[in-house]
Amino acid sequence: MPGITLLCFAASYSVAFAIELAGLWVRFGWHRVAMIGMAIAGLVAHSLYLASIAAGDVAILSSPANWMLVVAWVLAALYLWVVFAAPGSAMGLFVLPLVLGLIALAKNTTYQPFADANAPQFWNWLHGSLLLLATVAVCVGFLAGLMYLIQSWRLKHKLPPSPRFRLPSLEKLARTNSRSLGISAVLVAGGFFSGVVLSRLKDGGNTDYHLLADPVVLSLLGMLLWLVVAEIFRLAYPAARQGRKVAYMTLASFGFLVITLLTFAMTGAHGGPTVPSDNPDRESTSMHGANPTKVRP
Amino acid sequence: MKLRMVGCSHHGSNVAMRERLAFTPDEAASALTAWRESHPGVEAVLLSTCNRVELYSASNGDQPVPQGSALAEHLATCHALPVDEISEQLVTLDGDAVVEHLFHVAASLDSMVVGEPQILSQVKQAYELACRLGSAGPHTHGCFQAALRVARRVASETALHRHRVSIPSVAIADFASNVFERFDDKQVLVIGAGEMADETLRYLHDEGARQFTIINRSPERSKALAQQWDADIAAWGDLHQELVRADLVISTTAASQPLVTLDNFREKIAGQRQQRPLFLLDLAMPRDFDPAIGDEIGTYLYSIDDLAAACDRNRKRREKELPLAEAIIAEETQQFLAEARLRTTSPLISQLRDEWNLIKQAELARLMHKLDPLDEQAANEITRFADRLVNKLLHPPMQSLRDEAASGKPTGLFEALRRLLQLKE
């Protein structure tokens, strides 16, 4: 949509975050209304921005930047849902920085489409969607883990709850933590193996692309291995099924996610040739979306 | 207002006296039924809580309200006590003071823990019981309905009820609720059977907890508490095993040494719990649990001192709200009393209006008879002129009565008007 840029919704989310942050010290009658209003404005602008991409000739999950913007959109929508479902919780202090971080990462990465033009659309969609949901699950687990540690620290230090900084109960946070760890393990595994299938279908006999030479694949494999180990640890050791240990595990999962996302952002179009090609025409035809020149600012 | 209240509260009577005068709902119903039989036509509402027993009475019609001694005698008779034994502990309030007192009681400004929410429902239940038995009447209807409205206004316009101040309520609402999302599936262990344990159990029960186990050195005392809360009883020797099973522990024993040391906890409890969250509320003095247990993973240990600080903080916050709550009560009391006084003048106003209307109609009839036949428009104009004249003449005395009622009893003006205009009683 003309006129809507990344800056529009990033600014709205930033103002919502600033209002939420200011609420720790001072609150006005219009505080909550202003915060929700700015978050809704941001989400509307964000949705219109993504809709304009989807309406164009590039698929919504077809580039690293778009993919990160969709993850940010899902997290922002989850935040708004929590704001209405559990009014008074300080969720924005945790979710909005993550949303802004993803938008910043999207701004600094490429809109160049992924290289999978020869692959069936279904596997493209499955691979992108599973990894998108896995990212959301890891982010939710990370936020729950962070809140768990803060809430546990407050309770250990006998600090009474403040109406300006309300967090969910430890039981609820531990349950969210535990579930998100299990769900993210399944989704990352699904995303990884659908990527392997996609790579096979796409490249066939293409020797320019080596799966294990792609840094994004390697970092994703590292995250998958960590999640599998964490799940086995959880199942084998009952004390790790709840409480701080799960919180630490979700924080570590987020660490792996950050590495994957940074690799993703820095290496440009994931899935492209990993062996330098002396034929530029061949390289361009291996890019997904049939419009590799479409690069947004 | 023809209102009178006789009763006792935590301000002037000890627990023993309040216990002797307390009424169960069935006893209150019997007392009100007996009152109706012995004082037909006299309204009565009986409010009985753990902190107060108050009998409100109002006269209906021209009947005088019974003396305080009659109310005291009724309270004594219901409990088969000699009236002399209780009369010194009883307080009597009359008229406007009853209204003001009831508004304070319903709004929880007269409670032992100012701002506690239970009193509103207790006042409501007392009033509803009187309505059901037919012992409430126009005066008590007005007074109690206004009190309930005032209490709700104080609750919504001030933060008086938002800050909890009793140790068990702070422990459950501010801390246990931040550990556990729900209580209905949690195992609650009570060590000892003291009053604090009883009060904490009440809060936990209100939050939905249902699985209680009581463990006490003396089984007799634990039996009574177990019966009250539908709880299981465990043997003292099973303490460690029960601590492994529990999610929430309330300890209130009078033991001189800690019941559970850090080594005990690590050796016999922590390992089997597998770091499952444990909320420990140590209300004993000296403490039953080694404070170092609170540093163990998954264990949240609170003693009286930890909670007292939170209670004091909340109490100070409540004190800031008191002037606003008092201002609401004062405003509502004044308004209620002004309206009640105005209602007492309404028969005089009606009488005055009726008599002047009779005069007006007689004079109109005489005038119409004397004049040549008038057309309809002229006759209507003359009638409207007479109506306006009467209304304008009536307006100043009525306004004066209203103003007098707002500032106090309009008895003097009331009598003056009656004599001046020769209105009969």
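Predicted model: local features only at pLDDT ≥ 70, side-chain atom pairs only at ≥ 80, totals over all residues.
## Chain A at a glance

Reading along the sequence, you get α-α-α-α-α-α-α-α-α.

Of its 297 residues, 51% count as buried.

## Helices α1 and α4 of chain A

Let's start with α1 (residues 6-22) and α4 (residues 92-107) of chain A, whose axes come within 10 Å and cross at roughly 155°. An angle over 145° counts as roughly antiparallel, so that is the label for α1(A) against α4(A). The crossing itself is left-handed.

On the α1(A) side, the contact is built from A:Leu6, A:Phe9, A:Ala10, A:Tyr13, A:Ser14, A:Ala16, A:Phe17, A:Glu20 and A:Leu21. Facing them from α4(A) are A:Gly92, A:Leu93, A:Leu96, A:Pro97, A:Val99, A:Leu100, A:Ile103 and A:Lys107. Sorted by class, that contact has 13 nonpolar residues, two polar and two charged.

## Helices α3 and α5 of chain A

A second pair in chain A is α3 (residues 64-85) with α5 (residues 121-156), packed at about 45° with axes 10 Å apart. That angle makes α3(A) oblique to α5(A), and here the crossing is right-handed.

From α3(A), the residues in the contact are A:Trp67, A:Val70, A:Val71, A:Val74, A:Leu75 and A:Leu78. The α5(A) side brings A:Gly128, A:Leu131, A:Leu132, A:Thr135, A:Val136, A:Cys139 and A:Val140. By class, you have 11 nonpolar and two polar residues, with no charged ones.

## Domains of chain B

Over in chain B, the domain assignment gives domain 1 (3-157), domain 2 (167-311) and domain 3 (345-420). Between domain 1 and domain 3 of chain B, the C-alpha centres lie 43 Å apart.

## Two buried residues in chain B

B:Thr299 sits in strand β10 (residues 299-303) of chain B. With a relative accessible area of 2%, B:Thr299 is buried, since anything under 20% gets that label. What does it touch, leaving aside neighbours within four places in sequence? In chain B, B:Thr299 is in contact with B:Phe265, B:Leu278, B:Leu280, B:Ile293 and B:Gly294, and from chain A there is A:Lys156.

B:Ala405 belongs to helix α14 (residues 376-407) of chain B. Its relative accessible area is 0%, so B:Ala405 is buried as well. B:Ala405 and B:Asp198 are 207 residues apart in sequence, and their C-alpha atoms are 49 Å apart in space.

## Positive phi in two loops

Most residues other than glycine have a negative phi. Against that background, two spots in chain B are worth a look. B:Asp230 has a positive phi near 55° without being a glycine. You'll find B:Asp230 in the loop between α10 (219-229) and β7 (232-234) of chain B, and at 68% relative accessibility this residue counts as exposed.

B:Gln274 also has a positive phi, at about 55°, although it is not a glycine. B:Gln274 lies in the loop between α12 (262-273) and β9 (278-282) of chain B. Buried, partly exposed or exposed: which is B:Gln274? With a relative accessible area of 31%, B:Gln274 is partly exposed.

Technical notes. Residues numbered from 1 in each chain as written. Chains lettered and ligands numbered in written order. Heavy atoms only, no water. Axes fitted to C-alpha atoms, helices over the stretch in contact; angles between N-to-C directions. Helix = DSSP H or I, 4+ residues; strand = E, 2+ residues; numbered from the N terminus. Parallel < 35°, antiparallel > 145°, perpendicular 65-115°, else oblique. Left-handed = near helix turned anticlockwise from the far one by under 90°. Contact = heavy atoms within 4.5 Å. Nonpolar A, V, L, I, M, F, W, Y, C, P; charged D, E, K, R; others polar. Domains from an automatic or database assignment. Buried < 20%, exposed > 50% of the residue type's maximum accessible area, 1.4 Å probe, protein only.
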